[in-house]
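The sequence and model follow.

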Amino acid sequence: MRAALQDIIQGRLQAAKVNGGASAAQPRGDGRYVVTGRADARYTVHVASLDAIACDCPAGIHDKPCWHAAAAFLRYVADSTASSTRWLTATQGNPT
Ligand SMILES: [Zn+2]
């Protein structure tokens, strides 16, 4: 599961950064983040843990990778603990 999530995040991390990165995801509390996509569409991403991220966009509801989930992931990690940051660093290979 973790390996699959890494693939999702790595595949969409660049798109998430282009679209504003962590700041594109607005925390709503309780692990939920609102991400505004193209055409002002707003999607809710629920980050239950680093292994369980769900987005309600057309791709996300079919478990397809989307940048909304990646953006929420970036925000989650930015707001989260050092252990999460270490995991992201390991995932990216080159911390910024
Ligand atoms: Zn999405």
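Is helix 2 mostly covered or mostly exposed, and how many of its residues are buried? Helix 2 is mostly covered, with 11 of its 12 residues buried; a residue is buried if 20 or more other C-beta atoms, placed from the backbone, lie within 10 Å of its own. This is a predicted model: local features need pLDDT of at least 70, side-chain atom pairs count only at pLDDT 80 or more, and totals for chains, interfaces and linings use all residues. Residues are numbered from 1 along each chain as its sequence is written.

**Fold**
- The chain has three helices and four strands, where helices (H or I, at least four residues) and strands (E, at least two) are DSSP runs numbered from the N terminus.
- Along the sequence, the pattern is α-β-β-β-β-α-α.
- Of the chain's 96 residues, 25% count as buried.

**Helix 2**
- The buried residues of helix 2 include Trp67, His68, Arg75 and Tyr76.
- From first C-alpha to last, the 12 residues of helix 2 reach 16 Å, close to the 16 Å expected at 1.5 Å times one less than the number of residues.

**Contacts**
- Beyond its neighbours within four places in sequence, Val45 is in contact (C-beta atoms, placed from the backbone, within 7 Å) with residues including Ala25, Tyr33, Ile53 and Ala72.
- Of the contacts in the chain with a separation of 6 or more, 52% join residues 24 or more positions apart.

Key:
Contact = placed C-beta atoms within 7 Å.
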